[in-house]
Amino acid sequence: LADLAQGFVEIVARIARADGVALRWSDRGNQRFLMLASQGLPQALLDAEQCLERGACHCSTVAENLGVRVIPIQDESGPDSLACAQAGFKTVINVPVCLHERTMGEVDLFFCARVRPAPALRSLLEALGSHLASAMENLRLAALEKEAAIAQERLHLARELHDSIAQSLAFLKIQVQLLRDALQSGDAGQRAAAL
């Protein structure tokens, strides 16, 4: 997952010529966005935005079915200004990462200048976001499949152990009965054989 996320961020940064990129994944309800990978972002911004609550800034505002959004960053200064503005960024391009009309995360491209992406770049970014969602879902499904295989193997081993122990106990029960019979008969040879 980390390799996929970091590789994706590096490729998107190069394609879009972005000064910084953040890949954020959201929880099921799109209430929190966790930073999976980044490139070109100052440490202060990374620290401030490691996990964003929905609506905390432009980057964590889920825009259902709106596609790529270009967000100009206001030139605000002061302690309450956005972390991206304090880092010197002027524009954020927000790319939703969606699978089957469900938002799974977002890619945020940061620029130190005002930019307006061409329609071809917008389409490319949307396609890349869709492919990323598919790749992430495939990773999740592969992990679930692996977990199911491990659980199945554990169940198989448990059955084997159960059957093996049951066989041993049945054999011991027969042997104990033979020993009882030998003790009752008083036959030393039978007793020694049963022991």
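**A chat about the model**

User: What is alanine 87 in contact with, leaving aside its neighbours within four places in sequence?
Analyst: Apart from those neighbours, alanine 87 is in contact with Pro42 and Leu45; contact means heavy atoms within 4.5 Å. Keep in mind that this is a predicted model, where local features need pLDDT of at least 70, side-chain atom pairs count only at pLDDT 80 or more, and totals for chains, interfaces and linings use all residues. Residues are numbered from 1 along each chain as its sequence is written, and side-chain values use heavy atoms, with hydrogens and water left out.

User: Ok, and where does alanine 87 sit?
Analyst: Look in the loop between helix H3 (83-86) and S5. Helices (H or I, at least four residues) and strands (E, at least two) are DSSP runs, numbered from the N terminus.

User: Is alanine 87 buried, exposed or partly exposed, and why?
Analyst: Alanine 87 counts as partly exposed because its relative accessible area is 32%. Buried means under 20%, exposed over 50%, and partly exposed in between (1.4 Å probe, protein chains only).

User: How far is alanine 87 from leucine 23?
Analyst: Their C-alpha atoms are separated by 17 Å, and the two residues are 64 residues apart along the chain.

User: New topic: what about threonine 91, where is that?
Analyst: Threonine 91 belongs to strand S5 (residues 91-99). Its relative accessible area is 2%, so threonine 91 is buried.

User: You listed Arg17. What is the phi of arginine 17?
Analyst: Phi of arginine 17 is near 55°, a positive value in a residue other than glycine. Arginine 17 is found in the loop between H1 and S1. With a relative accessibility of 68%, arginine 17 counts as exposed.

User: Let's go inside. Which residues touch the most other members of the largest nonpolar core?
Analyst: Val107, Leu109 and Leu132 do, in a core of 25 residues. The elements giving two or more residues to this core are H1, S1, S5, S6 and H4. H1 gives the most, with 6 residues. A nonpolar core is a set of buried Ala, Val, Leu, Ile, Met, Phe, Trp, Tyr and Cys residues joined through side-chain atoms within 4.5 Å.

User: What does leucine 109 touch?
Analyst: Setting aside residues up to four places away in sequence, leucine 109 touches Val12, Ala16, Ala18, Gly20, Val21, Thr91, Val92, Ile93, Val95 and Leu125. There is also a second, separate core of 17 residues, which includes Phe33, Met35, Ala83 and Phe89.

User: Which residues line the largest pocket?
Analyst: Among them are Leu1, Trp25, Asp27, Arg102, Met136 and Arg140. Strand S1 (20-26), strand S6 (102-111) and helix H4 (119-185) are the elements that give two or more residues to this lining. H4 gives the most, with 4 residues.

User: What about the second largest cavity, which residues line that?
Analyst: Phe8, Val12, Val95, Val107, Leu125, Leu128 and Gly129 line the second largest cavity, which holds about 30 Å³ of space. Helix H1 (2-16) and H4 each supply at least two residues of that lining, and H4 gives the most, with 3.

How values were computed: On a 1 Å grid over the protein atoms alone, a cavity is a set of points where a 1.4 Å probe fits but cannot get out, and a pocket is an open set with protein on both sides within 12 Å along at least five of seven lines; lining residues have an atom within 4 Å of a point. Grid points are joined across faces, edges and corners, and a volume is the space filled by probe spheres set on the points.
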